[in-house]
Amino acid sequence: MPEKNPKCPICTDIAQLVGDIPGRIPPIARFAIYHCPRCHFSFIPEYRTDYQTVYSEAYYRGQGADPLVNYAFDHQRPEITLRQYEWHGLTDIFRTLMKYSAGKARWLDYGCGLGSLVRYGRQQGVNVFGYEPYGSQNQPNQISPAEQNSGSYLLPKESLQKESFDYITAIEVIEHTADPLAFLRDIRPLLKAGGILFLTTGNAKPFRDRLAKWSYAGCPDVHISFFEPETLALALEKTGFKPVYAGYIPGFTEIIKYKILKNLGFKKRSALFDVLPWPILSRLADSKIKVTALPIGVAF
Ligand SMILES: [Zn+2]
């Protein structure tokens, strides 16, 4: 535990200790979680920095810090993985937000991991690229990007040109960053003026009084930064974006469908799922988790 209360990385006010959460991978530790009373950012100030251990091959195979993700399976079995629902929803949202320019708009998936979303988007005919800022040295080496269709669309850092993208996604990435403002400042120059940053993360607001029991905060070895909509809006404003509350865009139905089924323990898609009334079920779930209340960022 820090000797004195840490400053909020978003607004610099003094944060308050609100609980602690046990980690999942050795060496097992308890992580103190702090909350900023001013901007409502919640964070783990003393986070793990042994990244080789935390982001191990086991992590990418769903046997590490977050048992609900299995990026290796998603990438090797794209035709059956449950995650295809999320890719579908994200591609729909890209088309909705880019409207008439969707045919030629350049989309970058920032923090693309193995590039599975990039490959899916390419198959759907959209102009998407991927970039993985945190390296791939621990990713399962038998599914290297080179052997996948997405390979040539995964860009190295030196190929990222300023103001060259119309649209950037960061899907479940910002909660892994210790300095979210630096993360947003790294992304901002890559967007053209008027370009859109669409990021997904949990919304901490419905869980403010029980953060240590919130399932999203339950993998503190890797999830260390938690936002409420107003917090994310402030972070966007400080880094060159105008926050816009786009609300429930239709693609969210597939994204929330994925989240619901994932949290129920399902790994594979099924025709049986498709008979359920997802537009209603997703809105019901969203009335509890409120992920669509988080703003998007428009570059100005
Ligand atoms: Zn704050």
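User: What should I know before I look at numbers?
Analyst: This is a predicted model, where local features need pLDDT of at least 70, side-chain atom pairs count only at pLDDT 80 or more, and totals for chains, interfaces and linings use all residues. Residues are numbered from 1 along each chain as its sequence is written.

User: OK. How many helices and strands are in the protein chain?
Analyst: The protein chain has nine helices and ten strands. Those are DSSP runs numbered from the N terminus, with helices being H or I of at least four residues and strands E of at least two.

User: What share of the residues is buried?
Analyst: Of the 300 residues, 46% count as buried. Buried means that 20 or more other C-beta atoms lie within 10 Å of the residue's own; 12 or fewer is exposed, in between is partly exposed, and C-beta atoms are placed from the backbone.

User: Now the sheets. What is the strand order in the six-stranded one?
Analyst: That open sheet runs β5-β4-β6-β7-β10-β9, with mixed pairing. Two strands pair if DSSP finds at least two bridges between them. β5 (128-131) and β9 (241-244) are at the edges with a single partner strand each, so one side of each has no neighbour in the sheet. From one strand to the next, the twist averages 25 degrees.

User: How do β4 and β6 pair?
Analyst: Strand β4 (residues 107-110) and strand β6 (residues 165-171) are parallel, over three bridges. W107 has Y167 in β6 as its bridge partner.

User: And the four-stranded sheet, what's its order?
Analyst: It is open, ordered β1-β2-β3-β8, with antiparallel pairing. The edges are β1 (16-22) and β8 (225-226), each with a single partner strand, so one side of each is left without a neighbour in the sheet. β1 pairs with β2 (residues 30-35) over six bridges, also antiparallel, and P22 sits opposite R30 in β2.

User: Switching topic: which residues have the most contacts inside the largest nonpolar core?
Analyst: That core has 72 residues, and those with the most contacts inside it are F94, W107, L108, Y167, I168, I187 and L197. α4 gives the largest share, seven residues. A second, separate core of 13 residues includes Y59, Y71, L114 and V222. A nonpolar core here is a set of buried Ala, Val, Leu, Ile, Met, Phe, Trp, Tyr and Cys residues joined through C-beta atoms within 7 Å.

User: What is L197 in contact with?
Analyst: Leaving aside neighbours within four places in sequence, L197 is in contact with I168, I187, L191, F241, I296 and G297. Contact means that the C-beta atoms, placed from the backbone, lie within 7 Å.

User: Last one, α8: is it largely enclosed or open?
Analyst: Nine of its twelve residues are buried, so α8 is largely enclosed by the rest of the structure. The buried ones include F252, I255, Y258 and L261, and the buried residues pack against α4 (84-98) and α9 (278-289). Just after α8, G265 takes a positive phi of about 100 degrees.

Note on methods
Two residues are in contact if their C-beta atoms, placed from the backbone, lie within 7 Å. Axes are lines fitted to C-alpha atoms, for helices over the stretch in contact, and angles run from 0 to 180 degrees between N-to-C directions.
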